[in-house]
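Thanks for asking me to look this over.

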Amino acid sequence: MQDREGETTEGGLSAMSQDSAAVPDAARKLAARRRREIVAVLLFSGGPIFESSIPLSVFGIDRQDAGVPRYRLLVCAGEDAPLRTTGGLELSAPYGLEAISRAGTVVVPAWRSITQAPPPAALDALRRAHEEGARIVGLCTGAFVLAAAGLLDGRPATTHWMYAPTLAKRYPSVHVDPRELFVDDGDVLTSAGTAAGIDLCLHIVRTDHGADAANALARRLVVPPRRTASDMGHQRYLDRSLPEEIGADPLAEVVAWALEHLHEQFDVETLAARAYMSRRTFDRRFRSLTGSAPLQWLITQRVLQAQRLLETSDYSVDEVAGRCGFRSPVALRGHFRRQLGASPAAYRAAYRARRPQNGGPEPALRPERAERPERERAMLGAGSGERYAAAALAGHGLATAEGAEAGKPQSDVYASRLPESPGGRGPGRPVLPGQRERPVG
């Protein structure tokens, strides 16, 4: 997680992360009429109710009795009413786009469809807010709205792992990292899917008011105060996240060949030759298609193959390294630890110790955290999520109506289940400016 914590800079922006380059315009002065504690939440028709309810609950309820400083919430309609949402509800927001001009924090909880362009008026309001120093936050597919407004150009960002390749392909200047639960780039922040929006909102409270306030809020919401991607087994689903469009692209054959020959030692030059391209052209075409540098993608695929062999075979770590195309066990251990947070031997031991019996829960990467994902699933599951969303809507000036017409189209953005196995394909961490590629072995 790219988490900027530590000393606070002028304008309330937290200190820069070790993992990121310098934040552009991080010291942009907040306009006099804007206050960071005034939070505008921008809602659109077709948006999912769970994501929409997260900032309403975090920033819209007075919890000063629990030690949580109060924010002022402005719920704004991003387009003409009525706003239809999931569950057959219609929302009527008390404010329009004009209210954003007062907010020092603007949150876009989600966007209804990654295939549709956001309303130009809403994009203009976001750009104006950012130019005047407001902190802009995109939860889940809200990152697509921020990208459409040009606010993510040249920045690291994340979104739901399922849509990260599409975001990277559509906006190639955005450094998309699907590994993170959230990314804090100073005055622009983004989160991964659904529950990761809670993590980012808690991070904002932590940045503004300290760990004690964030922990108190987490206790009130009955959620963990801080999670990481490895806590949720986030890495296990990266290999399914190549864009669907790759099947119609000539590079698809090269990708398929690479996946079938991971046990062999080859490099990106080999893949470029198979595509009949120069290395430079191949890098550019591969990145535009997948959102990832080919070397990083190849390393990630080798690590994922090693992960599968550690789970399903009795090969030694040295043998696993050879069967995954690494030139040495040392190379495997280094890349494995960087991507999955544990050594191959420790991962295998934890997997076998927590192996499901009779349909039990998935094993966790680290033994000491093995029970946490199951508790989080219980707390943030579909049933509790609906109750959480309904409770958050009450008392925030949102009128609801359940009389939505039957057959109304619902959002096509959100899938309700994760893949059943990690046997697909996926990109690695995009190369950020200033980073240099390293050999696979």
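1. Let's start with the fold as a whole: among contacts in the protein between residues at least 6 apart in sequence, what percentage join residues at least 24 apart? The value is 72%. Please keep in mind that this is a predicted model.

2. On secondary structure, you will find 15 helices and 11 strands in the protein. The protein has 441 residues, and 55% of them count as buried. Its accessible surface comes to about 19300 Å², with 49% of that belonging to carbon and sulfur atoms.

3. Six strands form an open sheet with mixed pairing, in the order 2-1-5-6-10-9. At its edges are strand 2 (72–77) and strand 9 (182–184), each of which pairs on one side only. On average, neighbouring strands of this sheet are turned by 20° against each other, direction ignored.

4. Within that sheet, strand 5 (residues 103–108) and strand 6 (residues 135–138) run parallel and are joined by 4 bridges. As a reminder, strands of a sheet pair through backbone hydrogen bonds, either parallel or antiparallel.

5. Now for a helix that meets the sheet. Helix 5 (residues 196–209) packs on the sheet, where it touches strand 1 (35–43), strand 6, strand 9 and strand 10 (188–191). The direction of helix 5 makes about 145° with that of strand 10.

6. Helix 5 also has a helical partner. Its axis and that of helix 6 (residues 211–221) come within 7 Å and cross at roughly 145°, and the crossing is right-handed. From helix 5, the contact uses Leu 202, Val 205, Arg 206 and His 209; from helix 6, it uses Ala 211, Ala 213, Ala 214, Leu 217 and Ala 218. By class, this contact has 7 nonpolar, 1 polar and 1 charged residues.

7. Is His 203 buried or exposed? His 203 counts as buried because its relative accessible area is 0%, and the cut-off for buried is under 20%. The C-alpha atoms of His 203 and Phe 182 are separated by 9.1 Å, although these two residues are 21 residues apart along the chain.

Note on methods
Residues numbered from 1 in each chain as written. Predicted model: local features only at pLDDT ≥ 70, side-chain atom pairs only at ≥ 80, totals over all residues. Heavy atoms only, no water. Helix = DSSP H or I, 4+ residues; strand = E, 2+ residues; numbered from the N terminus. Buried < 20%, exposed > 50% of the residue type's maximum accessible area, 1.4 Å probe, protein only. Contact = heavy atoms within 4.5 Å. Areas by Shrake-Rupley, 256 points an atom, 1.4 Å probe, with all protein chains shown as cover. Pairing = 2+ DSSP bridges. Axes fitted to C-alpha atoms, helices over the stretch in contact; angles between N-to-C directions. Left-handed = near helix turned anticlockwise from the far one by under 90°. Nonpolar A, V, L, I, M, F, W, Y, C, P; charged D, E, K, R; others polar.
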